[in-house]
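Dear colleague,

I am handing over the structure we spoke of, and it is placed just below so that you can follow along while you read. After it come my notes on what was found.

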Amino acid sequence: EPLVCTPADRVTLVRAVLVACCAALAAAGLLGRQLPAALLVVLGAVAFALDAVDGPVARRTGTASAAGARLDSETDAALTLVLSCAAAAAFGPWVLLIGLMHYVFAAAGWLRPALRNDLPASPVRKAIGALQPLALLLALTPGIPSVAGTTALLGALAFLLFSFGRDTAALERLHRSDRVGAGAADAFNR
């Protein structure tokens, strides 16, 4: 099957380019240059808003695919990581936990195969995932009081820890039930 760049993939690729622009701005800020926060927030907000477009475009054009969903998910994670790097310069290194959580979970899957299984779709997970860049963008917005930014980031991190904890527990339960089911099937077949 030849690789095809669908209309939804093009939207996601535009988002990826915007994320790359945000990364360049965040890197400049981390290197001690004046961070153009307003530009970073505008580009990040457009990338965030376009996340609501690629899925409907894929469904409307009948081109939804696992590869497109993966590209979308990785673009979301990259945006969150880039924004957390920018926010860490102003709020402290703890903010990096927000951006790194996706990658830590993926790395944990290398050590714990149960964490590699697919999870069923969850509106709660989706909402918490959308909350992360939103909180980061709010905290990075020029003129937002530091206390409000810190509160938004702490809330986002708390929800994220809850979500990953819940997903880890669900995957472990699924893994245990699969092992019990496989053991019962082996006993039955003897």
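I would begin with a contact between two helices, in which L79, T80, L83, S84, A86, A87 and F91 of α3 meet Q132, P133, L136, L137, A139 and L140 of α5. Sorted by class, the residues of this contact between α3 and α5 are ten nonpolar and three polar, with no charged residues. The axes of α3 and helix α5, the latter covering residues 123-140, come within 9 Å and cross at roughly 35°, and the crossing of α3 and α5 is left-handed. Please keep in mind throughout that this is a predicted model.

Before going further into the contacts, here is the chain as a whole. Its secondary structure comes to six helices and zero strands, so that, read along the sequence, the pattern is α-α-α-α-α-α. The C-alpha trace spans about 70 × 40 × 25 Å along its principal axes, and buried residues make up 34% of the 190 residues in the chain.

On the α1 side the contact is made by D9, T12, L13, R15, A16, V19, C22, A23, A26 and L30, while on the α3 side it is made by G68, L71, D72, T75, D76, A78, L79, V82, C85, A86 and A89. By class, this contact of α1 with α3 has 14 nonpolar, three polar and four charged residues.

A further partner of α3 is helix α2, which covers residues 37-61 and packs with α3 at an angle of about 160°, the axes being 11 Å apart. Since angles over 145 degrees count as roughly antiparallel, α2 and α3 are therefore roughly antiparallel to each other, and the crossing of α2 and α3 is again described as left-handed. In this contact L40, G44, A47, F48, D51 and D54 of α2 meet D72, D76, L79 and A86 of α3, which by class gives five nonpolar, one polar and four charged residues.

R15 is found in helix α1 and, at 1% relative accessibility, counts as buried, because buried means under 20% relative accessible area. Leaving aside residues up to four places away in sequence, R15 touches A47, L50, D51, D54, D72, T75 and D76. A24, which also lies in helix α1, is partly exposed, with a relative accessible area of 48%; the C-alpha atoms of A24 and V82 are separated by 9.1 Å, although the two residues are 58 residues apart along the chain. W110, by contrast, is found in helix α4 and counts as exposed at 69% relative accessibility, and from W110 to E74 the separation is 36 residues in sequence and 17 Å in space, C-alpha to C-alpha.

Finally, which rings pair up in this model? By the rule used for ring centres, the count comes to one aromatic pair. The rings of F105 and F164 have their centres 5.2 Å apart and their planes at 55°, so the pair is tilted. F105 lies in helix α4, residues 96-111, and F164 in helix α6, residues 146-189, so the pair ties together parts that are 59 residues apart in sequence. F164 itself is buried, with a relative accessible area of 18%.

Conventions. Residues are numbered from 1 along each chain as its sequence is written. This is a predicted model: local features need pLDDT of at least 70, side-chain atom pairs count only at pLDDT 80 or more; totals for chains, interfaces and linings use all residues. Side-chain values use heavy atoms; hydrogens and water are left out. Contact means heavy atoms within 4.5 Å. Helices (H or I, at least four residues) and strands (E, at least two) are DSSP runs, numbered from the N terminus. Ala, Val, Leu, Ile, Met, Phe, Trp, Tyr, Cys and Pro count as nonpolar, Asp, Glu, Lys and Arg as charged, and the others, Gly among them, as polar. Rings of Phe, Tyr and Trp (its six-membered ring) pair if their centres lie within 6.5 Å; planes under 30 degrees apart count as stacked, over 60 as edge-to-face and the rest as tilted. Buried means under 20% relative accessible area, exposed over 50%, partly exposed in between (1.4 Å probe, protein chains only). Axes are lines fitted to C-alpha atoms, for helices over the stretch in contact, and angles run from 0 to 180 degrees between N-to-C directions. Angles under 35 degrees count as roughly parallel, over 145 as roughly antiparallel, 65 to 115 as roughly perpendicular and the rest as oblique. A crossing is left-handed if the near helix is turned anticlockwise from the far one by less than a right angle, and right-handed if clockwise.
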